Amino acid sequence: MANAHDRLEPPQRLVRTLGSDPGRGAAAQQWLTALPDIARECLARWELTPERVQMPGGRTGMVVLVRQADGTPAALKLSPPDGTAEREHAALAHWDGRSAVRALRVDPAAGALLLERLHADVSLRSLAEAKAQLEAAATLQRLWVPPAAGHPFATVAEHTAAPADALRSYREEPWAAEVRGVLDEALELRDGLVAAGDEEAPVLLHGDYHQGSVLAADRAPWLAIAPRPLVGERAYDLAWLVRDRADTLLAAPGAAAAARRRVAKLSESLDVDAGRLRGWTLFRATEAGAVALARGERRQGELLLEFAGLL
């Protein structure tokens with residue numbers, strides 16, 4: 001414990017992810033280099049005692065498990081100071097513990113959030129798939145509330161504009177020749193979804209919801225973490241649950257039928273339009289797969305694009 005301050009180095013997964021993102025460039029490396037000092041400053045200012053850096057950790061920030069001055073366990077989350085912590089805090093404050101982790105303190109300038117401690121090693125992925133999907137859907141449904149007036153969140157249409165432009169540029173890459181049909185369908189679907197709009201009132205969305213972002217807790221069985229909040233239609237938020245455990249699905253017989261059953265089952269259970277859910281799932285899986293291939297992550301990219309092709 002005495003040397004905990006000396007172990008505040010960013011996890012290698014975080015280093016690899018930020019290092020492979022061309023959009024972040026030198027700023028990401030500068031932030032990673034400064035991260036131990038940022039962590040030490042927050043620990044001292046908020047009177048926190050570090051226990052350990054969570055491993056393997058996330059891909060966009062570092063989490064340090066800590067004790068507050070009164071001994072209460074908590075988690076210090078550090079993200080690049082690009083507004084991520086501020087938006088996450090705004091969403092968590094609006095949910096106020098309703099199916100989501102509670103935020104205790106925030107310092108937007110430092111990209112720092114102090115969160116209640118959950119059971120970091122126990123996510124919904126520890127459950128059998130059917131049970132995990134049931135719990136995930138129930139938890140997500142409780143997060144879908146009207147956003148606060150004057151909220152700082154982008155709409156789904158705004159958020160997906162840049163990824164759609166990137167997807168158009170990827171069409172000309174050599175690796176895209178075999179999957180151009182999927183890329184074109186994803187773009188056509190996204191543009192159609194945005195143009196048509198949706199009849200339902202927009203709600204606050206988690207933005208990056210999957211089984212791994214729901215952890216076991218003490219004050220509730222399961223709580224959501226790490227939102228990338230947006231405002232828009234529920235089908236967008238539900239798309240990642242359709243894609244969850246895609247590697248297992250693809251390895252089993254009848255993968256295409258199983259993928260379509262997921263769309264039908266989730267759309268029916270949460271009263272979400274099946275066509276819009278399929279469209280957003282295909283777009284999000286295709287965009288993520290193209291990004292992975294562009295970064296040289298061939299296995300992940302091919303898996304996501306294969307899954308998108310089944311839909």
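Q: Which residue with a positive phi follows H7?
A: This is a predicted model: local features need pLDDT of at least 70, side-chain atom pairs count only at pLDDT 80 or more, and totals for chains, interfaces and linings use all residues. Residues are numbered from 1 along each chain as its sequence is written, and side-chain values use heavy atoms, with hydrogens and water left out. Helices (H or I, at least four residues) and strands (E, at least two) are DSSP runs, numbered from the N terminus. H7 covers residues 234-243, and the residue that follows, with phi near 55°, is Arg245.

Q: Is Arg245 buried or exposed?
A: Arg245 sits in the loop between H7 and helix H8 (246-251). Its phi is positive although it is not a glycine. Buried means under 20% relative accessible area, exposed over 50%, and partly exposed in between (1.4 Å probe, protein chains only). At 19% relative accessibility, Arg245 therefore counts as buried.

Q: How many of the residues of H7 are buried?
A: The buried residues run from Arg234, Ala235 and Tyr236 through Asp237, Leu238, Ala239 and Trp240 to Leu241, Val242 and Arg243. H7 is thus mostly covered, and its buried residues number 10 of 10.

Q: Which residues have the most contacts inside the largest nonpolar core?
A: A nonpolar core is a set of buried Ala, Val, Leu, Ile, Met, Phe, Trp, Tyr and Cys residues joined through side-chain atoms within 4.5 Å. The largest one has 76 residues. Helix H10 (residues 274-294) gives the most to this core, with nine residues. Those with the most contacts inside it are Leu238 and Phe307.

Q: Which residues is Phe307 in contact with, leaving aside neighbours within four places in sequence?
A: Contact means heavy atoms within 4.5 Å. On that count, the partners of Phe307 are Val242, Arg243, Ala246, Leu249, Leu250, Ala259, Thr281 and Ala285.

Q: How far apart in space are Gln211 and Leu241, C-alpha to C-alpha?
A: Gln211 lies in the loop between E7 and strand E8 (214-216). It is buried, because its relative accessible area is 0%. Its contacts beyond four places in sequence include Ser123, Gln133, Leu241 and Asp244. Gln211 and Leu241 are 30 residues apart in sequence, but their C-alpha separation is 7.1 Å.

Q: Why do the buried residues of H3 line one face of the helix, and within what arc do they fall?
A: The residues concerned are Ala85, Glu88, Ala91, Leu92 and Trp95. An α-helix has 3.6 residues a turn, so residues three or four places apart point the same way. The arc is that of the directions from the helix axis to the C-beta atoms. Seen down the axis of H3, the buried residues line one face because they fall within an arc of 130°.

Q: How far apart are the end C-alpha atoms of H3?
A: The expected span of a helix is 1.5 Å times one less than its number of residues. The 12 residues of H3 (residues 84-95) should therefore span 16 Å. In agreement with this, the end C-alpha atoms are apart by 17 Å.

Q: What is the phi of Ser99?
A: Ser99 is in the loop between H3 and E4. At 7% relative accessibility, it counts as buried. Although it is not a glycine, its phi is positive, about 65°.

Q: Which element gives the largest share of the lining of the second largest pocket?
A: On a 1 Å grid over the protein atoms alone, a pocket is an open set of points where a 1.4 Å probe fits, with protein on both sides within 12 Å along at least five of seven lines; lining residues have an atom within 4 Å of a point. Its volume, the space filled by probe spheres set on points joined across faces, edges and corners, is about 390 Å³. Of its 15 lining residues, the closest to the centre are Glu129, Ala130, Gln133, Arg262 and Lys265. H4 and helix H9 (255-269) each give two or more residues, and the largest share, seven residues, comes from H4.
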